[in-house]
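Load the model and colour it by secondary structure.

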Amino acid sequence: AACGSGSGGSGGDDGKITLGFSQVGSESGWREANTKSIKESAQTAGIDLKFSDAQQKQENQIATIRSYIQQKVDVIAFSPVVVTGWDAVLKEAQAAKIPVVLTDRAVDSDPSLYVSFLGSDFVKEGEAIGDWTLNEYKDATAPVNIVQLEGTVGSAPAIDRKKGFESKIASNPNLKVIASQSGDFTRADGKEVMTAILKANPKIDLLFAHNDDMGIGAIQAIEEAGKKPGADIKIVTIDAVHDGMQALADGKINFIAECSPLLGDQLMDIVKKIKAGQPVEKRIITEETTFTQQQASEALPNRKY
Ligand code: GYE
């Protein structure tokens, strides 16, 4: 595509659209499915994809975006690891007239600095977990001790899922968050942080992990502490990736709010529309559902990831 051909990034030598994509990392099953979706959809759409994994570091993402600007790609898309700190590089892209699409996670920059934002409503996901919790403990007469494993500090899903959850459970004073710490969305950190929390808190009734992977790490910690996940300590998570759904069907997780990683096709549509000069929506929200243990058993055979 546009290898500095001076064509204003309109495709260049082979006529293909070039998309530069900066991925957060490979921290979770969700991320793995998201990367696969983006790569497969680019291929199907005939879009030339430049892909880079930032290993959950903002400085890596900024460096990658700068290199995409230098290479004069047609469109830049990225999933911002954290919400803040993007103004400078987004202004550089705008000055170079390269349209930017956000996927999955939000930024706090002025919306005029990007064309579109495709992804989930994370507040709603947190609220779905909150609603389940309210119903599960509606007859509680004693305090319910809740532990929260938060996602990456400063990331949109961690901020919004916490907000959605806590706003819902606030209506029942028996529901008490006794510990809330980040496990950076990884299985390893989920296990480590939960091990420490279990040692400090003899009575835990419910764990809310901001993603399946941290929940699965915590399940290992709970089992090693001689307790039964899903029974002694109930567990609710977000994502609904394969391993999470399996743990749900197995009774080790009690409820999952879905977050769809399959953003590839919609992203490629947006990229094509931008290059064709067609209008695109500023905010495109992914549709998602929730799963009980029974629903997970039924859905598992047909899940794509
Ligand atoms: O929930 C988590 C991943 O940004 C929605 O990032 C995404 C989150 C997802 O690491 O598993």
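Two strands count as paired here if DSSP finds at least two bridges between them. The model is a predicted one.

**First sheet.** Select E2, E1, E3, E4, E5 and E11, in that order. These six strands make up an open sheet with parallel pairing. At the edges are strand E2 (48–53) and strand E11 (283–285); each has a single partner strand, so one side of each lacks a neighbour in the sheet. Direction ignored, neighbouring strands of this sheet are turned by 15 degrees against each other on average.

Now zoom in on strand E5 (residues 116–119) beside E11. The two pair in the parallel sense, over three bridges. Which residue of E11 is the bridge partner of Gly119? Show Ile285: that is the partner.

Next select E7, E6, E8, E9, E10 and E12. They too are listed in sheet order: six strands in an open sheet, but here the pairing is mixed. Strand E7 (175–182) and strand E12 (290–292) are the edge strands, each pairing on one side only. From one strand to the next, the twist averages 15 degrees.

Within this sheet, pick strand E8 (residues 206–209) and E9. They run parallel and are joined by three bridges. Leu207 has Ile235 in E9 as its bridge partner.

H4 lies across E7, E8, E9, strand E10 (255–258) and E12, and runs at about 160 degrees to E9.

**Helix H7.** Select residues 212–224. This helix of 13 residues reaches 18 Å from its first C-alpha to its last, close to the 18 Å expected at 1.5 Å a residue. Is H7 largely enclosed or open? Of its 13 residues, 10 are buried, so H7 is largely enclosed by the rest of the structure. Among the buried residues are Asp212, Asp213, Met214 and Ile222. Step just past the helix to Gly226, where phi is positive, at about 80 degrees.

**Ligand.** Ser28, Trp30, Pro157, Phe185 and Asn211 come nearest. Helix H1 (29–45) and strand E9 (234–239) are the elements that give two or more residues to this shell. By type, the shell residues are five nonpolar, two polar and six charged.

How values were computed
Residues numbered from 1 in each chain as written. Predicted model: local features only at pLDDT ≥ 70, side-chain atom pairs only at ≥ 80, totals over all residues. Near = placed C-beta within 6 Å. Helix = DSSP H or I, 4+ residues; strand = E, 2+ residues; numbered from the N terminus. Nonpolar A, V, L, I, M, F, W, Y, C, P; charged D, E, K, R; others polar. Axes fitted to C-alpha atoms, helices over the stretch in contact; angles between N-to-C directions. Expected span 1.5 Å × (residues − 1). Buried ≥ 20, exposed ≤ 12 C-beta atoms within 10 Å, placed from the backbone. Contact = placed C-beta atoms within 7 Å.
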